[in-house]
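Subject: Model handover

Hello,

Here is the model for your files. My notes follow below it.

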Amino acid sequence: MNNKLFISLILSLFLVFVFSAPNTNSVDESDVLVLNKGNIDEVIKNNEHLLIEFYAPWCGHCKSLTPHWAKAATQLKGSAALGKVDCTIETELAKRFGVSGFPTIFYFNKGQQSKYNGGRTADAIVSWLRKKVQPVVRSISNVEEVQQLISNPSETTVIGYFNNEMNNHFIKIANDEIFEAVSFVSISNEVAQSLNFEVDTIKVYSSNNNNNNNNNNNQFLAINSNVEALEVYRFIVSQSSPLVVNIDQSSFMLLAKTKLPFILLFSKQANKQSLIEQANTWANSFKNRLFFGWVDADAFAGAAEQMGGSGRLPAVIAVVDAFKSKFIAFDETKELNDENVNAWLETVIEGKAKGWRKSQPVPTPNDDPVTVVVGSTFEDIVFDKTKDVLLEFYAPWCGHCKSLVPIYDELGLQLKSVKSIVIAKIDATANGYSSNVEVQGYPTILFFPANNKDTPITFSGDRTVDGFIKFLKENAAISFNLEDVNETDKDEL
């Protein structure tokens, strides 16, 4: 996974706690161990299973984690421990444990340190630690105990009935890190008969099952040696979720981890019900192929536009690959009806979807030394795999961009005869562009090598003609000889 893309602006809107941090003064943290250089070694020694959060009091993410950390500590009391270190005070401990950002969380098992890689909700923390503390699959042979479990599940529970060979495979699946806040249970013959289970099958029980409109719930999934954790995860999500999920930080990640495209529906709260009723029809038609989520356009203001929408509501955005920030907006020039949406969703699944994108008119002619890119021509020019493309994202009002114009024009003129290189510019305020691009200021100058269009290289050299040429010679996928170019220019003169 490309971490730079993962922490891009769009994902941060959903995966990071973007709202104002909660008031932590009212949180009961009595079960969280307060650690310092005087007691940390003893605590690590005396706790077989221990999570330690290294935090800073001013950190918004740390503040948002506080109630979840405290709740998890209380739920795990007696089986595992949670502690915290204030790194603004315990600076030596921060250095000793290699803390470079906040919050940093480490797991200690019998003194051995490793990085915590679970979620940051109380349920996710508890689920992650319980898998370390107790068997990942709990065996139950009492009918009444299972009936009580499934009648009021406190968390999503997967119950399976297996022969010995498949039970081992079930345990292997359950150990996969993809599962957070999910418990796994294996039942005996007697219990299986009472629940009408067939051998080597699983079923999902969740508190959401009776509170959603997904008539796909209460199905069984057959387990064999070819079934992998991801297939089981998708089955769990489909069984424990409504047809249209309310999107927040955790549910966005829930859908992202299916590694299937999912559709985000943006609207105001007042229009939520009518949009969801319309979307339920689409979700039923594409069940098990696409997931759907509703987004409060006020709570996540600007998200639809960042994902390619025009800003008009309702907006429909396909998240093709959340981890690579690949989004496609439904063409807003078309009516949002079943026929148009269903046809578009088919293209999303097939990987052929095209969506609406803000764009200035295509300039004609477009043969100046610096090629002008607009929203509608972005892929054709920038993603041309026969060209190395240097692209400036500018704003017309930007003073630095204006100062760069004569230098950039001269660069384009000097390299005009190099057929493998395109020197280009795009008005980033008036045109949409690919979602794998992150523009944090103006000008942003990115290089798209011919052999790798997915991961552009940020230009960080001297903003001079010589500085740009030096950068291009070092990074061009297709080599070129500037001396030969200059000789050609002289001949033409």
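A charge is taken to sit over a ring if NZ of Lys or CZ of Arg is within 6 Å of the ring centre and within 35 degrees of the ring normal. The charged end of K132 meets this over the ring of W128, 4.7 Å from the centre, and that of K473 over the ring of F480, at 4.9 Å.

On provenance: this is a predicted model, in which local features need pLDDT of at least 70 and side-chain atom pairs count only at pLDDT 80 or more, while totals for chains, interfaces and linings use all residues. Residues are numbered from 1 along each chain as its sequence is written, and side-chain values use heavy atoms, with hydrogens and water left out.

Aromatic pairs

There are 23 aromatic pairs in the structure. Rings of Phe, Tyr and Trp (its six-membered ring) pair if their centres lie within 6.5 Å; planes under 30 degrees apart count as stacked, over 60 as edge-to-face and the rest as tilted. F97 and F108 are edge-to-face, because their planes stand at 90°, with 5.9 Å between the ring centres. F97 lies in the loop between α5 (91–96) and β4 (104–109) and F108 in β4 itself, so the pair ties together parts 11 residues apart in sequence. Helices (H or I, at least four residues) and strands (E, at least two) are DSSP runs, numbered from the N terminus. F97 is buried at 8% relative accessibility and F108 at 2%; buried means under 20% relative accessible area, exposed over 50%, and partly exposed in between (1.4 Å probe, protein chains only).

F383 and F448 make a tilted pair, 6.2 Å centre to centre with 55° between the planes. F383 is partly exposed at 23%, whereas F448 is buried at 0%.

One aromatic cluster is formed by F162, F170, F179, F184 and Y233.

Cores

A nonpolar core is a set of buried Ala, Val, Leu, Ile, Met, Phe, Trp, Tyr and Cys residues joined through side-chain atoms within 4.5 Å. The largest has 44 residues, of which F179, I202, V232, F262, L264 and F266 touch the most other members. Helix α10 (residues 229–240) gives the largest share of this core, 6 residues. A separate second core of 22 residues includes A283, V316, F330 and A353.

Sheet

Five strands form an open sheet in the order β6-β8-β7-β9-β10, with mixed pairing; two strands pair if DSSP finds at least two bridges between them. The edges are β6 (137–140) and β10 (220–222), each with a single partner strand, so one side of each has no neighbour in the sheet. Strands β7 (residues 156–161) and β9 (residues 201–205) run antiparallel and are joined by 5 bridges. Opposite I202 in β9 stands G160.

Backbone

Two peptide bonds are cis: F102 to P103, with omega about -15°, and T364 to P365, with omega near -10°. P103 is in the loop between α5 and β4; P365 is in the loop between α14 (338–350) and β16 (371–372). N196, not a glycine, has a positive phi near 60° and is exposed at 63%. K259 likewise has a positive phi, about 60°, and is exposed at 61%.

Regards
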